[in-house]
Amino acid sequence: MAPSSRSFKLGDRVEVHQPGHASSGPYFPATVIRSPVKMKANVTILYVEYGSPHPVENPLREIVNADNVRPLLRAEEVVFEAGDDVEFFFRNRWFRGVVVSMNEERLRYTVRLHDSTRSITIVCLHRNLRLHREWDNGAWNPPLPQERTKRTTPIGKDPLKVKEKSMKVKISALIKDNSLERCSKTLKNIVKEDIFKDEYVV
């Protein structure tokens, strides 16, 4: 997947993934809380605050490489079928999966986790599913439906009215010689967590 050509800005709703995991996820919803900083010609860093369904006293904030960020992918009105390449929302993040089956009313779907060494299935409510799309060179692949692509404000580009927030970190302590190797430590630790132990309903 090629890096995004899109420029993010303060207030943008985005999704963050680990380096090299743009196609597989998981994708963590976040908001850009400070103006992007260009470190060199091809490296831009973003200050993000990860989202949560409930207000938290100390929200998780992090410095990430803009190449590991994509716009927020909004859900559409879709009737899913067995075999569909989807993403399901679980534990404050989106995972990629494949629809295995659904109930007669199509309100609950059984989804198999994508590209897993274990056979993990999740029972998802329809509202927690969306079609999987790749963010490639500043565009979604497959493309969004025609009526959505003609929006006055492009998808994922609805900026929040937020003030710049302090990260309370020293840039020099996190970034050495314009390298981002030390950034996203928190995200890496979260991704390593084994949260799939049984079948869940989400």
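**Notes on the predicted model**

1. Strand β10 (residues 129-131) pairs with β6 in the antiparallel sense, over three bridges. Within this pairing, Val86 stands opposite Leu131 in β10. The model is a predicted one.

2. Strand β6 (residues 85-90) also pairs with strand β7 (residues 93-102), in the antiparallel sense and over six bridges. Phe90 has Arg93 of β7 opposite. Two residues lie between the strands in the hairpin of β6 and β7, and Arg91 there takes a positive phi near 55°.

3. Six aromatic pairs are present in the structure. One of them joins Phe28 and Tyr50 in an edge-to-face arrangement, with 6.1 Å centre to centre and 70° between the planes. This pair links distant parts of the chain, since Phe28 belongs to strand β2 (residues 28-40) and Tyr50 to strand β3 (residues 43-50), 22 residues apart. Phe28 is buried at a relative accessible area of 6%, and Tyr50 also counts as buried, at 10% relative accessibility.

4. The rings of Phe89 and Trp94 have centres 5.0 Å apart and planes at 55°, so this pair is tilted. Phe89 counts as partly exposed at 23% relative accessibility, whereas Trp94, at 11%, counts as buried. Separately, ring pairs link Phe88, Phe90 and Phe95 into a cluster.

5. Which residues lie over the faces of Trp94 and Tyr27? Arg130 lies over the face of Trp94, 3.8 Å from the ring centre. For Tyr27 the residue is Arg70, at 3.7 Å from the ring centre.

6. There are ten salt bridges in the structure. Among them is the one between the side chains of Glu49 and Arg61, at 2.8 Å, N to O. Glu49 is in strand β3 and Arg61 in strand β4 (residues 61-65), so the contact ties together parts twelve residues apart in sequence. Glu49 is buried, with a relative accessible area of 15%; Arg61 is partly exposed, at 30%.

7. Glu76 and Arg133 also meet through their side chains in a salt bridge, at 2.4 Å, N to O. Glu76 sits in the loop between β5 (69-71) and β6, and Arg133 in the loop between β10 and β11 (134-136), so parts 57 residues apart in sequence are tied together. Are these two residues buried or exposed? Glu76 is buried at a relative accessible area of 16%, and Arg133 is buried at 5%.

8. A further salt bridge is formed by Arg96 and Glu134, whose closest N and O atoms are 3.7 Å apart. The distance counts as a salt bridge because the cut-off is within 4 Å. Arg96 lies in strand β7 and Glu134 in strand β11, and the pair links these distant parts of the chain, 38 residues apart. Both Arg96 and Glu134 are buried.

9. Salt bridges with shared partners join Glu15, Arg70, Glu87 and Arg130 into one network.

Technical notes
Residues numbered from 1 in each chain as written. Predicted model: local features only at pLDDT ≥ 70, side-chain atom pairs only at ≥ 80, totals over all residues. Heavy atoms only, no water. Phe/Tyr/Trp six-rings, centres within 6.5 Å; stacked < 30°, edge-to-face > 60°. Helix = DSSP H or I, 4+ residues; strand = E, 2+ residues; numbered from the N terminus. Buried < 20%, exposed > 50% of the residue type's maximum accessible area, 1.4 Å probe, protein only. Lys NZ or Arg CZ within 6 Å of the ring centre and 35° of its normal. Pairing = 2+ DSSP bridges.
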